Amino acid sequence: MAELGVADQLTHGPLNAEELAARCGAHAPSLRRVLRELAGIGVVRPAGADRYALTEEGSALRSDVSGSIRSSMRMLGEESFWYAMGKMPDTVREGNSAFVARYGELYERLARHPDISLLFDDYMTARADAFTRGLVTRYEFTDVGTMVDVAGGKGSILATILRANPGMRGILFDLDHVVAHAGELLAAEGLADRSEVVAGSFFDSVPSGGDVYLLASVLHNWGDDDAVRILRNVRRAMKPDGRALILEVVLPDDAEPHLSKDLDLRMLAIFNGGSERSRQEYAKLFALADLELGEVVELGAGASLLQAEPI
Ligand SMILES: C[S@@+](CC[C@H](N)C(=O)[O-])C[C@H]1O[C@@H](n2cnc3c(N)ncnc32)[C@H](O)[C@@H]1O
């Protein structure tokens, strides 16, 4: 439903299976069978003979609604991500990602496939939305002059923070192909004069002079050695009174259900070395980069903001 854009096509009212198939580029008899199942799970509902309407639940699969899950669903169903979860038994048996064995390292794959890269960036943007709301309401940016968003993707988190803090400047840093059009996006948000886009790899260096360095959902993609390399480069670039803000889902020390435990399995499946970490594990990583764990702010939606200051 997400991939074919069924919800988008039903935005303006019910359609029959033939009409919907024509608009989605699908085979009508096959789509009709899918619609029957989708009605059973409540994301569409029958609206006359062979006609279907979108339900409120199904509206979350529209591209144009706030909190849309369409890009997330499309990315989770993308060939390589689907393969990774299907091959979990092999990954668990061998302790190495079956995804990496088949497709190579994720970010190298994305650099080779611009279409998947765009989808991934949209997925990150949608995913970050819930965390960003907590970030602007629960963290005090008033004394921050410049924030560097390290591996900030297309810059949606940075844009939200800059909009909420009119006195602040921002630098968006990510790989070349990811930030290629980020300047236009920031300009469209009216932020051209307060933002700068820098391309590069955090394994080489990150832009210097920031008061705050945000790393949102970055360290969990990497094993300890790589994570420490990234943190050391951040530490080197930071002003003496600067700080790093690490936004991650932190593993709690209990046996209750938590988003971090679920995401950790995705890290296991897709990255060699990537994992979610506990607060103590982050504190150890920080110490290896001459940083000290300070305040931890709960952002809601399962995410935490760990503040790290120079030792
Ligand atoms: C999980 S995404 C998080 C994106 C963004 N911070 C967010 O929360 O939406 C990780 C980001 O790391 C970037 N990245 C991967 N390798 C990198 C490298 N060597 N240098 C800089 N950025 C890199 C990716 O392009 C991607 O945008």
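At what angle do helix H13 (residues 224-237) and helix H15 (residues 279-288) pack, and how far apart are their axes? The legends below take this pair first and then move on to other views of the predicted model.

**Figure 1. Helices H13 and H15 pack at an angle of about 55°.** Their axes lie 9 Å apart. Angles between 35 and 65 degrees are neither roughly parallel nor roughly perpendicular, and H13 and H15 are therefore oblique to each other. The pair makes a right-handed crossing. On the H13 side, the contact is formed by Asp 224, Ala 227, Val 228 and Leu 231, while H15 supplies Leu 285, Phe 286 and Leu 288. Sorted by class, six residues of this contact are nonpolar, none is polar and one is charged.

**Figure 2. Helix H2 (residues 17-24) packs against helix H3 (residues 28-40) at about 110°.** Here the axes are 9 Å apart. The angle makes H2 roughly perpendicular to H3, and H2 passes H3 in a right-handed crossing. Look for Ala 17, Glu 18, Leu 20, Ala 21 and Cys 24 on H2, which meet Ala 28, Leu 31, Arg 32 and Leu 35 on H3. Seven residues of the contact are nonpolar and two are charged, with no polar residue among them.

**Figure 3. Helix H9 (residues 114-138) and helix H10 (residues 156-164) cross at roughly 30°.** Their axes come within 9 Å. Angles under 35 degrees count as roughly parallel, so that is how H9 and H10 run relative to each other. H9 passes H10 in a right-handed crossing. From H9, Thr 125, Ala 128, Thr 132, Leu 135 and Val 136 take part; from H10, their partners are Ser 156, Ile 157, Thr 160, Ile 161 and Ala 164. This contact holds six nonpolar and four polar residues, and no charged ones.

**Figure 4. The ligand is surrounded by 17 residues.** By class, the shell around the ligand has 11 nonpolar residues, five polar ones and one charged residue.

Figure 5. Along the principal axes, the C-alpha atoms fill a box of roughly 70 × 50 × 40 Å. The chain has 311 residues, so a compact globule would have a radius of gyration near 19 Å; the 21 Å of the protein chain agrees with this.

Note on methods. Residues numbered from 1 in each chain as written. Predicted model: local features only at pLDDT ≥ 70, side-chain atom pairs only at ≥ 80, totals over all residues. Axes fitted to C-alpha atoms, helices over the stretch in contact; angles between N-to-C directions. Helix = DSSP H or I, 4+ residues; strand = E, 2+ residues; numbered from the N terminus. Parallel < 35°, antiparallel > 145°, perpendicular 65-115°, else oblique. Left-handed = near helix turned anticlockwise from the far one by under 90°. Contact = placed C-beta atoms within 7 Å. Nonpolar A, V, L, I, M, F, W, Y, C, P; charged D, E, K, R; others polar. Near = placed C-beta within 6 Å. Rg over C-alpha atoms; globule rule 2.2 N^0.38 Å.
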